Amino acid sequence: MLSDIPVSPPSTPLLTAIDQGASARDLTIEQLKQLSEELRAYLLYSVGQSGGHFGAGLGVVELTVALHHIYNTPHDRIVWDVGHQTYPHKILTGRMQQMHSMRQAGGLAGFPKRSESVYDTFGVGHSSTSISAAMGMALAAEKQGIERKVIAVIGDGAITGGMAIEALAHAGHERPNMLVILNDNQMSIGHNKGGLATYFAKIWATKTYLGMRERSKRLLQRFSFLWEWAKRTEEHMKGMVAPGTLFEELGFHYIGPLDGHDLPQLVHTLENMKDLEGPQFLHIRTMKGKGFTPAEEDPVGYHAINKIEAKPKGPQPAQASRPSLPRYQDVFGRWLCDMAERDKRLVGITPAMCEGSGMVEFARRFTDRYYDVAIAEQHALTLAAGMACDGLKPVVAIYSTFLQRAYDQLIHDIALQNLDVTFGIDRAGLVGQDGPTHHGAFDLSYMRCIPNMVIGAPSDENECRQMLYTAFEYPGPAAIRYPRGTGPGAIIAEQMTLLQIGRAVQVRSGERVAILAFGPVLKEAMAAAEQLNATLVDMRWVKPIDEEMLRQAAAGHELLVTLEENAVAGGAGSGVAEWLASQDIPVDILHLGLPDEFIDHAEPAQQRSQAGLDSRAIAIAIRARLAHTTGTELPVIQAPADILKTI
Ligand SMILES: Cc1ncc(C[n+]2csc(CCOP(=O)(O)OP(=O)(O)O)c2C)c(N)n1
């Protein structure tokens, strides 16, 4: 058991041999145990160097070793769910020396990625996809006559997602040869919620029941009438407590629960199950953070960690302590508590993202008005719709990227019925190291086209609070989207003030060019506007848009520049262009936003500059456009090639 993260590489003779081409398939059980120890130590060391997901990987060290020992990977397919637990898999599959580059520009992705390795069979980042994808692969192998094993590894958090249940039901019917391994650590990011979690807990508790059952079976079989009666009663009881009933009912052959850290037992069981026909289900119990005391004691805090910064040598000058800025999620969380105090009808809903969405305090203070629905985005929205039908005022806190999962529920269940649901849409825009699976790149595009929606994009923390209040008081569906991390540090007024929906604010008056900024890009836009002496508008609302402001801006400037951290395609800028065209107002428009490509993991600032959304790139793009349309020679500024590409 380790209690410190090593800061220098541990000794890893077996792991290094595997990294250099040796196979885990040839190792003895004793060697596999040693390999697991080396893998755990190296994982601790490398995540300490790079930061990243932590607890989940530590929990699947033995499973990862066992899978690569038993199966002929990459020919056999291991499909990991979510993918945040795959650092051990990456280390074992030729990427040990690149682990220091984890989640950095040009380095390894934090999730499985098909273009990164043949061992990464399916790209992932969102949860609950593994059983569907693995089933697809199993059927593809069968149809093409390929002899191949397919294994999906899914956590007890991810299996609460509707897709996973849909896939289990389909597999039970179709009966492909595949294995689903349930990695049950009784944790999602936070403590797991919902009926399924309780079910797994019950299964674990039934080890005693199993022992009892075997003993009474032997006894009762001696008396046939008693045995018949007991069997009938047992069928009834099984539905309540027996291990695997749910999965057996769905058509799987269930084995478990086993201790997922007991490597010999795991290897033995997988070997036995390997050639079984039809859909198989193996339930293992593991501990998130296994082998590292602080993570075992605080699995929520150690879900992911920052890299360990080397302490500077020698005495350090005393630093004046500066109060740290609140993150947007904290601004949301604080508003939610304040609003809940004022309005008893408010209920808060999260699909398994209590900590990330800043709802810990709300959950503590308003326990009976707080709903963590597990990883069930679709259900979260329709639940809110039902509540709104009958007198409650639900606030759904959801990441932009995960709201994609519940698009039909947004349209069909909420907007179509014009229901009073407020959305706090977090992680809108570029998210940095989690990369393209997690960017909030599309919400403006996919929401803007839905009738009845009101959409706000605050440019700072105070505007965020006031917009959330305004959205909550608005009697229909309203979404406020804000980014990951901290804002510019605006003073947040305690007082809640209603904003005028659809009204923008001009923050700078200039000439020739008007920059129409949607959201926190306003800060970068200000620097560019100063440099170019451009007019700058904080547009605030994406829908309804401030038509009067657009009319004036078009009348008084040669060029309108729309700016947003959302895909240009269909985004807020498109809304501006559509309205101007509908009014037959001819004006030159430049749209700046996310390009039509997926932006890889990197530091947020690097991603912003890649997308041409920092102040320098914005100024370059505007000068280039003016030069092109007016033929005016403008001072030359050296631009990186990738920025010019986006102009
Ligand atoms: C659709 C979706 N919603 C939310 C998340 C955020 N998320 C990442 S990991 C995780 C918990 C997964 O729990 P589990 O599957 O049990 O894996 P563990 O971390 O316990 O190993 C959640 C909710 C996600 N990745 N995808």
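Visitor: Is Glu-548 buried, partly exposed or exposed?
Guide: This is a predicted model, in which local features need pLDDT of at least 70, side-chain atom pairs count only at pLDDT 80 or more, and totals for chains, interfaces and linings use all residues. Residues are numbered from 1 along each chain as its sequence is written, and side-chain values use heavy atoms, with hydrogens and water left out. Buried means under 20% relative accessible area, exposed over 50%, and partly exposed in between (1.4 Å probe, protein chains only). With a relative accessible area of 44%, Glu-548 is therefore partly exposed.

Visitor: Which residue does Glu-548 meet in a salt bridge?
Guide: A salt bridge here is a side-chain nitrogen of Lys or Arg within 4 Å of a carboxyl oxygen of Asp or Glu. An α-helix has 3.6 residues a turn, so residues three or four places apart point the same way. At 3.9 Å, N to O, the partner of Glu-548 is Arg-551.

Visitor: How many residues apart are Asp-546 and Arg-503?
Guide: These two form a salt bridge, with 3.9 Å between the closest N and O atoms. Asp-546 counts as buried because its relative accessibility is 5%, while Arg-503, at 41%, counts as partly exposed. Asp-546 sits in the loop between strand 17 and helix 22, and Arg-503 in the loop between strand 13 and strand 14; the pair links distant parts of the chain, 43 residues apart.

Visitor: And how many residues separate Asp-275 from Lys-149?
Guide: Their salt bridge has its closest N and O atoms 3.1 Å apart. Asp-275 is in the loop between helix 12 and strand 6, Lys-149 in the loop between helix 6 and strand 3, and they are 126 residues apart.

Visitor: How far apart are the end C-alpha atoms of helix 6?
Guide: Helices (H or I, at least four residues) and strands (E, at least two) are DSSP runs, numbered from the N terminus. The expected span of a helix is 1.5 Å times one less than its number of residues. For the 14 residues of helix 6 (residues 130-143), that gives 20 Å, which agrees with the distance in the model, 20 Å.

Visitor: What do the buried residues of helix 6 pack against?
Guide: Among these buried residues are Ile-131, Met-135 and Met-137. Contact means heavy atoms within 4.5 Å. The packing partners are strand 2, strand 3, helix 7 and strand 4.

Visitor: Which residue, with a positive phi, follows helix 6?
Guide: Helix 6 covers residues 130-143. The residue that follows has a phi near 65°, and it is Gly-145.

Visitor: What percentage of the 647 residues is buried?
Guide: The protein has 26 helices and 19 strands. Of its 647 residues, the buried share is 55%.
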